[in-house]
Amino acid sequence: VVGWWIGGRGVIGALLLLFVYLLSVVFRLFAPVHFDANPEFVIPGDSGRSLYVTAEEQGEMGMRLSDSGVADFFDLASGKLRDQKHLPIGDAKLALVSEVAADRALHAAQLSTGAVLMLRDSYDITYPNDKRLITPQLEYPYGETPLPFLSEPGRNLAVREDGDKMLFAATGADGAVHLKSFEKTESLVGDSTLNVASELSF
């Protein structure tokens, strides 16, 4: 009888401990959420006007594109400038930047000449001396030569990809809507080029 009594108390004690554990878990689900904000900082980089700001998927490094054609890469926690790269646009400036495909970090940058440069930001992760290092890169999937579109910067640039086709759309300074479609071809070595398929303005 004594053994049953001790065993029964042990079972009851185990059930009570399990109840307390489950109660603590459920309580945390309904507890108010607190976020600790990182220190505020001014985005570093050149003196050009910011046109576009994004972050890599791990949320550790940001990229800023300015109208001077400079890509500034900075630490999102401290604001420290990590790298700086110049887009291949010569003496032209950037007029606007629009997102094409967020999952591939693909962007379209329209120049002051009206042409459009397609670019992608990517990040190489290495571990020199067992320390994690993120190295930013800029890639130009359709070459470093901007694609001709308008004769001057437009507004509301939109770029859409569909398989081997690409469409540019924007509103010109005269208020007209301009469309330009391209067909994509790939060489034997995997390089992609775009050829004009059609143009339309209305």
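# Reading a predicted model, feature by feature

Reader: Let me start with a residue I picked in the viewer: where is Gln 110 found?

Author: Gln 110 sits in strand β6, which covers residues 106-111. Strands (E, at least two residues) and helices (H or I, at least four) are DSSP runs numbered from the N terminus. Before we go on, residues are numbered from 1 along each chain as its sequence is written, and side-chain values use heavy atoms, with hydrogens and water left out. The model is predicted, so local features need pLDDT of at least 70 and side-chain atom pairs count only at pLDDT 80 or more, while totals for chains, interfaces and linings use all residues.

Reader: Thanks! Is Gln 110 buried or exposed?

Author: The general idea is a cut-off on relative accessible area: buried is under 20%, exposed is over 50%, and partly exposed lies in between (1.4 Å probe, protein chains only). Gln 110 counts as buried because its relative accessible area is 0%.

Reader: Which residues is Gln 110 in contact with, beyond its sequence neighbours?

Author: Contact means heavy atoms within 4.5 Å. Leaving aside neighbours within four places in sequence, Gln 110 is in contact with residues including Lys 93, Leu 96, Val 116, Phe 149, Pro 153 and Leu 157. The side chain of Gln 110 reaches the backbone oxygen of Gly 114 at 3.2 Å. A polar atom of that side chain also lies 3.1 Å from the backbone nitrogen of Gly 154.

Reader: How do I read sequence separation against distance in space?

Author: Compare two pairs. Gln 110 and Ile 125 are 15 residues apart in sequence, with their C-alpha atoms 30 Å apart. Ala 55 and Phe 182 are 127 residues apart in sequence, with a C-alpha to C-alpha distance of 29 Å.

Reader: What surrounds Ala 55, leaving aside its neighbours within four places in sequence?

Author: Ala 55 is in contact there with Met 61, Gly 62 and Leu 76. Its place is in strand β1 (residues 50-55), and Ala 55 counts as partly exposed because its relative accessible area is 39%.

Reader: What should I look for in backbone torsions?

Author: Most residues other than glycine have a negative phi, and most peptide bonds are trans. Here, Asn 129 has a positive phi near 55°, and Asp 130 has a positive phi near 65°.

Reader: Where do Asn 129 and Asp 130 lie?

Author: Asn 129 is in the loop between β7 (116-126) and β8 (133-139), and Asp 130 lies in the loop between β7 and β8 too. Asn 129 counts as exposed because its relative accessibility is 79%; Asp 130 is exposed as well, at 77%.

Reader: What radius of gyration does the protein chain have?

Author: The radius is taken over C-alpha atoms, and the globule rule is 2.2 Å times the number of residues to the power 0.38. The protein chain has 27 Å, whereas a compact globule of 202 residues would be near 17 Å. Along the principal axes, the C-alpha trace spans about 95 × 40 × 35 Å.

Reader: What share of contacts joins residues at least 24 apart?

Author: Among contacts between residues at least 6 apart in sequence, that share is 36%.

Key
A polar contact is a pair of N or O atoms within 3.5 Å; within protein, one must be able to donate a hydrogen and the other to accept it, and residues adjacent in sequence count only if both atoms are side-chain atoms.
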